[in-house]
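Please read these notes with the model open beside you.

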Amino acid sequence: MSQDITELPITPSTPAGVDEPGPDNVAADGGTPADRRGQIAWALFEWARNPYVLLITIYVFAPYFSNQVVGDPVQGQAIWGYINGFAGVTIALLAPFLGAIADLGGSRKPWIGAFTLLMVPAMVVLWFALPDDGGIGIAGVTAAIIIIAVAYEFSAVFHNSMLPSIAPHSRIGFLSGLGLALGNLGGLLILIFMLVFFTLPGNVPWGFVPDTPLFGLDQSLFQDSRISGPVSGLWLAVFALPLFFFTPDAARNAVGLVEAMRQGVARVMQTLRKLRHYRNVATYLGARMLYNDGKTAVLIFGGVYAAGVFGWGALDMLVYGIVLSVFAVLGGFLGGWLDDTFGSKAAILTSIGGTTLGLVLAVSITPDEIFFQPYPDAQPVWSLPFFQTLPEMLYLGVVLLIAIFITAAYANSRTMLARIAPATMMTEFFGLYALSGTATAFVAPILVGWSTDVFDSQRAGFASILVLLIAGMVVMLYVREVRAERAPEDQ
């Protein structure tokens, strides 16, 4: 630890240390805030974007792609890993430049609009991904997913950067939380909509379920899975509009595009060089890169793994997604309780430890194994058309715990940085926090893809995520929950 830094022990109740709030008629960046309609429209953009994550990357399209488009669950998981890995590499290479442009201010809505225009048609075209490499095939899906993933990530960069310019200091926390809440609520509602109107019809005799799928979709042609792309695209196109109509944008930046990128990247490099004076914070960011990659991979591949191992279709996956989304809410409360009671470091170790244990238990369950012990001839435990056997029910229970711990870890991670970064350099270090979330985002998907390929096993590929979770926990042990003061050169 550099002798230039004085570190102060803090308690879980120590405030994060932010600038003094200004009046409500002044935005956090010193300008004029948006009216309430403009602020709500900003938060609603999360409602517009989030269904893509749930429908396409986790619960519906990804399992369909792996099992039906590729036609081999093992190879499908490997290819899905490589697709997400390549998207992660692209994001990591471009993130410093796009983040620099966003940080230097200027108009953000043209960028958000451009990324939205890329995402919508790329989502819609997924309808044409047919079984056995038909239609746009594996190559077309690969191109579409990479376009969507990159545009999705960078739309978030510019969307997030608008917040200080549209809200006073006193409403920033509320609007940020509102955006996350709306995103989660929108995702949950669209999962329920997909289940009730596309997948349940014809499978259950329930009065509130239509007799046939909406729009006459043919479930035998997997149209109830393929429709996830157009639904996500239409949802985004419609609910993104309020942002462009009602949320004010900053004036165009006088600095040119190339110069903005040059200045921004130079600032990033300058901040990175400063980390030698803030080694405790640097160690934490390194730990987070490892375990955050692991958490994200568990989310991305949990559905693909379950669909391949248990043979789950759209019906099972939608119910699975709805149940997990509901239980994930509990993770926010658990994370807050752990943080307030034991401190951020202990909370992170508990959350990641719980995720790690849950992943071990998850890969220990197959249709004919429970906790690595043989369980032959599993019989249905109820008459409902999903999760019919004991192994499936146990797997669901284990993954519910994983969802709770992963959500808790996301909450704890932000709080940890707020506790240990210099109180007057929060913006700068949260910029590094965001960058660290994308810098190695390709590692976990490629690791899963490679492990699945090498061992010819979905179980081995999914289990490989343990390497990142455990490595993150080990590095986290060396992080101290103390706040660093500014180095002399930063005074």
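1. Start with accessibility. A residue is buried under 20% relative accessible area, exposed over 50%, and partly exposed in between (1.4 Å probe, protein chains only). At 24% relative accessibility, R459 therefore counts as partly exposed.

2. A word on the source. This is a predicted model, in which local features need pLDDT of at least 70, side-chain atom pairs count only at pLDDT 80 or more, and totals for chains, interfaces and linings use all residues. Residues are numbered from 1 along each chain as its sequence is written, and side-chain values use heavy atoms, leaving out hydrogens and water.

3. The whole chain. It has 491 residues, and 52% of them count as buried. The secondary structure comes to 18 helices and six strands. Helices (H or I, at least four residues) and strands (E, at least two) are DSSP runs, numbered from the N terminus. Take contacts (heavy atoms within 4.5 Å) between residues at least 6 apart in sequence: 82% join residues at least 24 apart.

4. Salt bridges. Side chains of opposite charge can pair when their charged atoms come close. The rule used here asks for a side-chain nitrogen of Lys or Arg within 4 Å of a carboxyl oxygen of Asp or Glu. By this rule the count is four.

5. Which residue forms a salt bridge with D339? The partner is R419, with the closest N and O atoms 2.6 Å apart. R419 lies in helix α14 (residues 390-420) and D339 in helix α12 (residues 314-342), so the pair ties together parts 80 residues apart in sequence. Both residues, R419 and D339, are buried.

6. R419 has another partner to check. E481 forms a salt bridge with R419, the closest N and O atoms being 3.9 Å apart. E481 sits in the loop between α18 and β6 (482-484), 62 residues from R419. E481 counts as buried because its relative accessibility is 18%. For R419 the value is 5%, so R419 is buried. Through shared partners, salt bridges join D339, R419 and E481 into one network.

7. Back to R459. This residue forms a salt bridge with E369, and the closest N and O atoms are 3.3 Å apart. R459 lies in helix α17 and E369 in strand β4 (residues 369-370), so the pair ties together parts 90 residues apart in sequence. E369 is partly exposed because its relative accessible area is 22%.

8. Is S464 buried or exposed? S464 counts as buried, at 9% relative accessibility. Find S464 in the loop between α17 (458-463) and α18 (465-476). Not counting residues up to four places away in sequence, S464 touches L447, V448 and S451.
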